[in-house]
Amino acid sequence: MLRHAFQPILYDKEQPHMETKDWWRGAVIYQVYPRSFMDSDGDGVGDLPGIIDKLPYLASLNVDAVWISPFFKSPMADFGYDVSDYRQVDPLFGTLKDFDKLLKQAHKLGIKIIIDQVLSHTSEQHAWFIESRSSRDNPKADWYVWADAKPDGTPPNNWLSVFGGSAWLWDSRRRQYYLHNFLTSQPDLNFHNKDVQKAILGEVEFWLKRGVDGFRFDACIFQFHDKKLRDNPPAKVADSSSVPATNPYGMQRHKFDKSRPENLKFLQKLRKLLDQYGASSLGEIGDDDSPSRMAQYTADNDKFNQAYSFNLLTEEFSAAFVREQVEIMERRLAEYAIPGWACWSIGNHDVARVATRWGHNQGGPAFSKLMLALVTTLRGSSCLYQGDELALPEAEIAFEDLQDPYGKAFWPEFKGRDGCRTPMPWSKSGSNAGFSTGKPWLPIPAEHVALAVDTQEKPRESVLNFTRRFLAWRRRQTTLIDGDLAFLNAPEPLLVFTRKSGKETIVVALNLGNSPQRWKLPKALQDAKALDGHGLHGGVLERGELQLQGYGAYFGRL
């Protein structure tokens with residue numbers, strides 16, 4: 001088994017902004033999907049001890065924080081996003097002692113730990129729901145969203161589940177419907193009930209007391225619903241950014257089932273609690289108008305510290321598209337007296353891997369390097385998904401190997417999320433690519449084995465070593481962390497922008513295409529001096545003209 005083989009020369013121990021109160025601002029956050037990261041006990045599923053074993057590897061990447069997807073007690077219908085006990089580690093992943101050890105060792109290595117929290121819904125196996133569904137007059141009868149059927153027995157309204165079908169399920173015990181915005185086994189909590197809010201804040205505080213550095217809040221716009229249960233109107237344009245085009249969920253304007261105004265006051269309560277412990281917050285926003293919601297949910301320094309959306313997690317890809325999404329976000333943030341902060345993500349556990357989704361498996365290492373540079377040089381923080389530092393493509397999963405209930409519901413047009421969730425390949429010759437001595441919960445494709453960590457350790461130009469080098473370099477360019485951003489009117493496929501802080505301006509030029517490009521910089525920027533040390537090639541500035549090879553990049557300083 002490969003153990004901690006990394007190049008210390010690329011490990012930047014200087015972390016200038018990590019110990020400040022606002023360490024999260026401009027941070028690079030690495031997402032660990034624990035089921036697929038590293039298995040320590042041979043059961044084919046990754047676990048907390050596996051993460052502990054790989055902490056030196058994570059430190060070698062020069063990321064600022066690690067976001068760990070849910071590891072709480074759960075029946076795993078949605079692989080941990082259906083929590084049955086917020087305060088317990090599921091035995092599949094280890095114990096609370098394992099988590100405490102992970103937290104302590106991560107901190108020794110200068111890594112912040114962010115954990116997932118799913119507040120809008122629980123598992124049907126949670127003790128709260130078991131009591132709530134037992135009768136209409138028990139102490140927790142109103143802790144979930146219950147409603148009577150229409151006179152003809154149909155659901156209360158037209159709300160749809162993200163995972164397909166009606167968002168309502170009939171319960172024979174209470175002879176009522178309950179709301180589930182996701183799986184039928186994920187009933188939604190009733191946040192209009194103050195006791196629910198108090199209980200949920202208590203679950204959050206449990207982890208704050210253990211010393212976590214922050215939270216990523218899943219489905220955070222679903223925490224309140226319209227009390228009148230009014231029907232959603234049809235969408236003027238179907239949403240295909242947060243759900244696939246095959247899903248009728250995108251055909252509604254989700255006016256009444258999420259993003260309700262009452263949520264803002266709850267987020268303010270949540271922020272007060274987090275501030276007491278100096279913890280940060282990252283909200284997941286999958287809304288009809290995500291930029292506006294992100295700006296609203298991060299404004300005024302009294303709700304989330306930052307938020308991310310699915311706007312760069314779509315199939316659409318071009319320089320114009322990226323620019324449009326970023327400029328919309330910048331305009332929305334500027335609408336508030338105290339603007340919030342965006343976090344950018346081009347890959348996570350919910351979408352096809354970026355090497356396939358945007359690169360169509362054609363760009364090779366050069367494309368993957370450029371994508372890392374793109375997402376980490378925009379104004380904001382950034383999330384990197386495990387395996388993208390290896391340039392892993394989307395895995396093809398046969399139907400008989402499929403695990404994701406979302407994919408099973410919309411097969412074959414939408415194959416679900418398993419293709420980006422396959423186990424990390426650590427060793428080319430190791431058992432199951434060094435991930436587990438047992439059969440992995442999802443198959444590991446041969447294409448991933450060929451890109452295993454141990455194959456990328458020695459070659460200086462590997463995507464893995466580029467990631468280490470680039471993130472160490474970026475950390476020293478404070479203008480790329482906190483500077484203002486302005487795009488230049490460059491032709492497709494060039495994405496050119498400046499980051500400016502004080503008297504320093506950095507020019508960033510990225511060729512998002514695979515063919516060489518030339519473009520004359522504006523006269524005011526033609527005296528830029530090339531920056532080196534970032535590890536990207538294929539870009540020069542001569543006599544004011546940018547010359548960029550396919551997937552090439554140029555960084556210059558004024």
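## Ground rules

Because the model is predicted, local features need pLDDT of at least 70 and side-chain atom pairs count only at pLDDT 80 or more, while totals for chains, interfaces and linings use all residues. Residues are numbered from 1 along each chain as its sequence is written, and side-chain values use heavy atoms, with hydrogens and water left out. Helices (H or I, at least four residues) and strands (E, at least two) are DSSP runs, numbered from the N terminus.

## Helix H3

H3 takes in residues 96-108, 13 residues in total, and reaches 19 Å from its first C-alpha to its last. That is close to the 18 Å expected at 1.5 Å a residue (1.5 Å times one less than the number of residues). Its buried residues (under 20% relative accessible area, 1.4 Å probe, protein chains only) are Leu96, Asp98, Phe99, Leu102, Leu103 and Ala106. They sit on the same side of H3 because they cover an arc of only 155° around the axis, taken from the directions from the helix axis to the C-beta atoms.

What lies over the buried residues? The cover includes helices H1, H2 and H5 along with strands S2, S4 and S5. As for the ends, a side-chain oxygen of threonine 95 comes to within 3.3 Å of the backbone nitrogen of lysine 97 at the start of H3, and glycine 110, with a positive phi near 80°, follows the helix.

## Strand S10

S10 (residues 280-285) is mostly covered, with six of its six residues buried. Ser280, Leu282 and Glu284 point one way, and Ser281, Gly283 and Ile285 the other.

S10 pairs (at least two DSSP bridges) in the parallel sense with S9 over four bridges, and arginine 216 stands opposite leucine 282. With S11, S10 again pairs in the parallel sense over four bridges; here isoleucine 285 faces serine 309. S9, helix H6 and S10 make a right-handed β-α-β unit, as do S10, helix H7 and S11. Right-handed means that, with the strands pointing away from the viewer, the path from the first strand over the helix to the second runs clockwise.

## Asparagine 263

Asparagine 263 is found in helix H6 and counts as buried because its relative accessibility is 0%. Its side chain reaches the backbone oxygen of cysteine 220 at 2.8 Å.

Note on methods
Buried < 20%, exposed > 50% of the residue type's maximum accessible area, 1.4 Å probe, protein only. Contact = heavy atoms within 4.5 Å. Polar contact = N/O pair within 3.5 Å; in protein donor to acceptor, adjacent residues only side chain to side chain.
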